Amino acid sequence: MRFPEGFTWGVSTSSYQIEGAVKEGGRGTSIWDTFTQQDGRATGDEACDHYHRYAEDVALMADLGVDAYRFSVAWPRIQPEGTGPANPEGIAFYDRLVDALLARDIDPVLTLFHWDLPQALEDQGGWLNRDTAYRFAEYADLVGAALGDRVKLWITLNEPFIHMTLGYATGEHAPGHALLFGALPAAHHQLLGHGLAVQALRARTTSPISIANNYSPAWPQGGTDADLAAAATYHALHNRMFTDPLLGRGYPEIGLDEEVVKDGDLDIIASPIDFLGVNYYNPTGVQAPLPGAPLPFDLVALDGYPITDFGWPVVPDGLRDLLVGFLTEYGDALPPIYITESGCAYEGVDDPQRVAYLDSHVNAVKAAMAAGVDVRGYFVWSLLDNFEWAEGYTKRFGLVHVDFDTQVRTPKTSFSWYRDLIQASR
Ligand code: GBH
């Protein structure tokens, strides 16, 4: 089976991971600036210097032959303090980027929030504060007003589950709170902000609008009822919590405090979306917790699979199962799907493991499509090696190698492979 005509091949990045220039263009401070200033951590101060080198990066994408580029807007470039009118210099940067893409026939796919919250909003409680949802809608309106005529697909949030978990439950990411289940309001407020932003954007654009979720099939390790129940609980938390309410089904039972969810919130969250953005890396192994453990599940490594430089298992079947599972779970309520991130960390400019990884995952998408899932596009994470959050610059996900001393870009073996795949599927 060939990919249908009009299937979108793309690459993804995010603002804090590539832009650098954190003090330029009137940009305010984000939670990631604050977080990385501690304990000698790597920072995104320079990252890939994309803020200055975007034209070179767009030229690389034109060579690659992609149909679309998914990037994110840094909220603190648009509203340095998280509120108030748009900063013209911030808008101007994304204006230039969008026009450069369109000039090369590359569709701009814009994510409004990929984790770099203005620090001023974190000072008011960040996503634990319900107000942040309303601030987010105002920000969405400003970006919509500026770019609504040219962006081809809109994505409100990137991976609210991961942002809640690593940012608010374990503290591995900014803003660094370790609240365990106390983090759940950060999920609800992100989803509320998503719904409000969808409504704001509708007035500004006719382009499709959605969200990009991280999905991980919960694979029970061990066959006891308790193992199956633990896997179901993890599935509800990681996957269903960020999908059921979008599709009008309300929240699964995951212990979200009833007082956090106000009357009318679920209607706002269920504002119709035009597609579902799916970021997939790997399934999660789940077992019953030991007696007295703090969480209702125990996450365990999946044995028997190759692993990437990050230690994550390579499981293309997980992607096929995930997509086919959506069809079973949501049926007619399931909108078309874009794979908004898929990729892996490996060293080297010659990267046959990345080629094998991407090839097997593209085939998993094909298999899901053959089983009836409506997938419209596939975006590789990432165009460039970049700032990999808690791991700094030690994990390389790019199709293009970046020398972080010289900023020299070198296309990898996987870049040529992806270019050939795109050409062959036209
Ligand atoms: C995405 O998050 C982000 O959107 C992106 O910014 C980031 O650079 C990219 O992925 C690569 O990290 O079961 O122990 O093997 C991905 C979130 C969380 C997905 C950890 C994979 C594996 C945990 N990831 N998960 S494990």
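How are α7 and α9 oriented to each other, roughly parallel or roughly antiparallel? In this predicted model, the axes of helix α7 (residues 131-147) and helix α9 (residues 184-202) come within 8 Å and cross at roughly 30°; angles under 35 degrees count as roughly parallel, and α7 and α9 are therefore roughly parallel to each other.

**Helices α7 and α9**
- The crossing of α7 and α9 is right-handed.
- On the α7 side the contact involves Ala-133, Tyr-134, Phe-136, Ala-137, Ala-140, Asp-141 and Gly-144, which meet His-189, Leu-192, Gly-193, His-194, Leu-196, Ala-197, Ala-200 and Leu-201 of α9.
- Sorted by class, the residues in this contact of α7 with α9 are 10 nonpolar, four polar and one charged.

**Helices α12 and α13**
- Helix α12 (residues 316-330) and helix α13 (residues 352-370) have axes that come within 8 Å and cross at roughly 25°, which makes α12 roughly parallel to α13.
- The crossing in which α12 passes α13 is right-handed, and the contact is made by Pro-316, Leu-319, Arg-320, Leu-323 and Val-324 of α12 together with Ser-360, His-361, Ala-364, Val-365, Ala-367 and Ala-368 of α13.
- By class, the contact of α12 with α13 has eight nonpolar residues, two polar and one charged.

**Helix α13 and its surroundings**
- With 19 residues, α13 reaches 27 Å from its first C-alpha to its last, close to the 27 Å expected at 1.5 Å a residue.
- The buried residues of α13 are Arg-354, Val-355, Tyr-357, Leu-358, His-361, Val-362, Ala-364, Val-365, Ala-368 and Met-369.
- An α-helix has 3.6 residues a turn, so residues three or four places apart point the same way.
- The elements that cover the buried residues of α13 include the strands β1 (8-12), β7 (276-280), β10 (337-342) and β11 (375-381), as well as the helices α12 and α14 (413-424).
- Just after α13, Gly-372 takes a positive phi of about 110°.

- Leaving aside neighbours within four places in sequence, Tyr-51 is in contact with Glu-19, Ala-21, Glu-24, Gly-25, Arg-77, Phe-93 and Arg-96.
- Although Tyr-51 and Leu-97 are 46 residues apart in sequence, their C-alpha atoms are 9.3 Å apart in space.

Key: Residues are numbered from 1 along each chain as its sequence is written. This is a predicted model: local features need pLDDT of at least 70, side-chain atom pairs count only at pLDDT 80 or more; totals for chains, interfaces and linings use all residues. Side-chain values use heavy atoms; hydrogens and water are left out. Axes are lines fitted to C-alpha atoms, for helices over the stretch in contact, and angles run from 0 to 180 degrees between N-to-C directions. Helices (H or I, at least four residues) and strands (E, at least two) are DSSP runs, numbered from the N terminus. Angles under 35 degrees count as roughly parallel, over 145 as roughly antiparallel, 65 to 115 as roughly perpendicular and the rest as oblique. A crossing is left-handed if the near helix is turned anticlockwise from the far one by less than a right angle, and right-handed if clockwise. Contact means heavy atoms within 4.5 Å. Ala, Val, Leu, Ile, Met, Phe, Trp, Tyr, Cys and Pro count as nonpolar, Asp, Glu, Lys and Arg as charged, and the others, Gly among them, as polar. The expected span of a helix is 1.5 Å times one less than its number of residues. Buried means under 20% relative accessible area, exposed over 50%, partly exposed in between (1.4 Å probe, protein chains only).
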